Amino acid sequence: MEELIKERNRIIWETDNTPGILDYCFPDGTSFWLAIRLELKFTMINSRANKEVNWDSRIHFSRWKFYRYLLFSFWKSPFLFAGKTDVLRIANWEKNPECPNRMTQFLTEYPQLSQVQLLYSQSMDRFGHLPGHRSFDYFYYASLFWARIFRRRPNAAAENEVAAFIGLLKQKMGDWLTPEIADTLRRKLLQIHQLVPGYTKRIQKYLNRVKPKLVVVSEGNNGDWQKGSLFKICRESGIPTVEVQHGTVGIGMKYGEELVKDSKFKQHKTNYFFTFGMYHSQIVNAVDECVEFGHYFLEKSLENITRIGPDPEGRVRILFIGEGIPYTAKDNGLVLAVSAALEQLHFPFQVTVRLHPTEEPNARYAELMKFEGARYSQVEDDNIYQLISDHEIIIGHISTVLFEALYFNKEPYVFEDDYTYFALPEGLGLWFKNGTELRGLMELNFPPKPVHDEVKRLFWAKGTTRENFTKFWNEKVGKPILN
């Protein structure tokens with residue numbers, strides 16, 4: 001798997017730098033390549049791994065669920081009760097009524113700013129019980145509805161341009177672009193071509209009505225034609241946009257050096273990117289400017305953390321971070337290395353296996369669950385930040401939790417393989433390749449020592465998120481002046 005990912009990344013970056021790659025455009029001037037780049041990279045790797053090629057999650061839902069959600073998006077139309085606002089928030093619905101989205105929640109600290117939040121859901125989960133929230137998916141489904149009603153079809157020129165673009169990708173990608181992927185890509189691009197005119201018209205009309213001073217999104221720079229169109233319209237209208245970091249930064253936020261020099265590239269991206277800290281800002285080249293912001297949800301969670309003392313039985317608490325499905329460490333290497341280390345430890349311990357939200361208890365973790373006192377932890381059982389606080393040792397592979405451990409002054413243990421280098425910096429935590437190395441590191445650093453301030457500063461922003469946003473608003477946006 002690591003070899004597939006490495007080769008795929010190389011091909012994607014080489015394609016980025018293809019002369020004229022941004023010349024192939026939809027009617028609104030947004031790029032074919034930037035609209036499909038993110039999904040294409042996963043489709044390529046799934047195809048090579050003999051997995052189902054899944055281009056758009058919406059197509060797998062029942063017709064009944066689709067029609068219910070379409071009607072829901074019209075009922076929650078942003079145009080209903082739309083007035084001028086200081087901040088327009090656009091975020092994916094995370095199914096928590098108290099916090100619809102963690103990455104935009106920081107704006108609730110500013111009641112002096114008028115705000116509107118639009119939510120969307122790839123899994124078509126409705127949020128009718130949330131007062132005041134409207135549907136960002138309305139723009140997509142309204143465009144789809146009317147395109148079907150009027151039987152709009154791309155013209156011959158559009159079909160020829162799509163064919164020429166796919167021909168260019170075939171030259172660059174060779175066997176990676178299989179006939180199946182090429183056909184799926186062709187249909188995807190023609191569908192977007194069909195929807196773009198109505199979509200951009202509705203977005204423009206809405207922005208003209210609400211006239212936001214700032215647009216804040218929870219995601220979008222990775223590659224999404226809907227957000228690309230939104231950002232382009234905002235730039236043309238002089239409305240600043242910002243995305244808030246929500247996880248590790250990978251290939252989706254880093255593009256080929258020649259591509260980012262093209263003046264058309266930045267039209268598809270936000271003006272600003274709020275990062276966790278200095279390191280993340282240094283590896284992003286997708287936006288005009290990175291702002292070291294921090295992590296509001298993590299910061300606020302600390303206020304509710306219950307500090308517990310040492311284990312009554314004198315055991316060291318070890319938190320193992322599950323990798324999700326599909327897991328990334330080859331041949332279950334992470335689990336086997338940790339198990340081998342625990343078998344030889346010279347101090348007592350208790351291990352908690354924190355499952356990824358996509359996981360259930362699984363036989364792959366049997367080698368960890370065999371130890372006395374071992375237990376599973378799932379999202380509904382424990383707050384992840386409470387777990388980080390409770391455990392002296394944190395072990396994982398490429399999870400955001402490894403960055404968050406530093407926030408608690410705990411240096412994580414990181415399993416090292418070819419894939420680790422694509423997701424994490426070498427300066428993050430203590431790296432190990434096998435059980436012998438892990439056991440040696442744990443015993444050498446026992447009892448665990450707090451993280452040095454300079455290391456923490458590299459990955460986490462100075463000051464609070466409130467201080468950082470207030471400064472950003474006052475310097476980059478304008479009135480009203482915040483304090």
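Helix α7 is mostly covered in this predicted model, with ten of its 13 residues buried. These buried positions are W225, Q226, K227, G228, S229, L230, F231, K232, I233 and C234. The helix spans residues 225–237 and extends 18 Å from its first C-alpha to its last, close to the 18 Å expected at 1.5 Å a residue. An α-helix has 3.6 residues a turn, so residues three or four places apart point the same way.

At the start of the helix, a side-chain oxygen of D224 comes to within 2.9 Å of the backbone nitrogen of Q226. At the other end, α7 is followed by G238, which has a positive phi, near 75 degrees.

A buried residue is also found in a loop. L177 lies between α5 (156–173) and α6 (179–210). Its relative accessible area is 6%, and L177 is therefore classed as buried, the limit for this class being under 20%. Leaving aside residues up to four places away in sequence, L177 touches L40, I166, L169, K170 and A182.

The structure contains 46 aromatic pairs. Charged side chains are also placed over rings: the charged end of R466 sits over the ring of Y110, 4.7 Å from its centre, and the charged end of K76 sits over the ring of W75, at 5.2 Å from the ring centre.

Definitions and conventions. Residues numbered from 1 in each chain as written. Predicted model: local features only at pLDDT ≥ 70, side-chain atom pairs only at ≥ 80, totals over all residues. Heavy atoms only, no water. Phe/Tyr/Trp six-rings, centres within 6.5 Å; stacked < 30°, edge-to-face > 60°. Lys NZ or Arg CZ within 6 Å of the ring centre and 35° of its normal. Helix = DSSP H or I, 4+ residues; strand = E, 2+ residues; numbered from the N terminus. Expected span 1.5 Å × (residues − 1). Buried < 20%, exposed > 50% of the residue type's maximum accessible area, 1.4 Å probe, protein only. Polar contact = N/O pair within 3.5 Å; in protein donor to acceptor, adjacent residues only side chain to side chain. Contact = heavy atoms within 4.5 Å.
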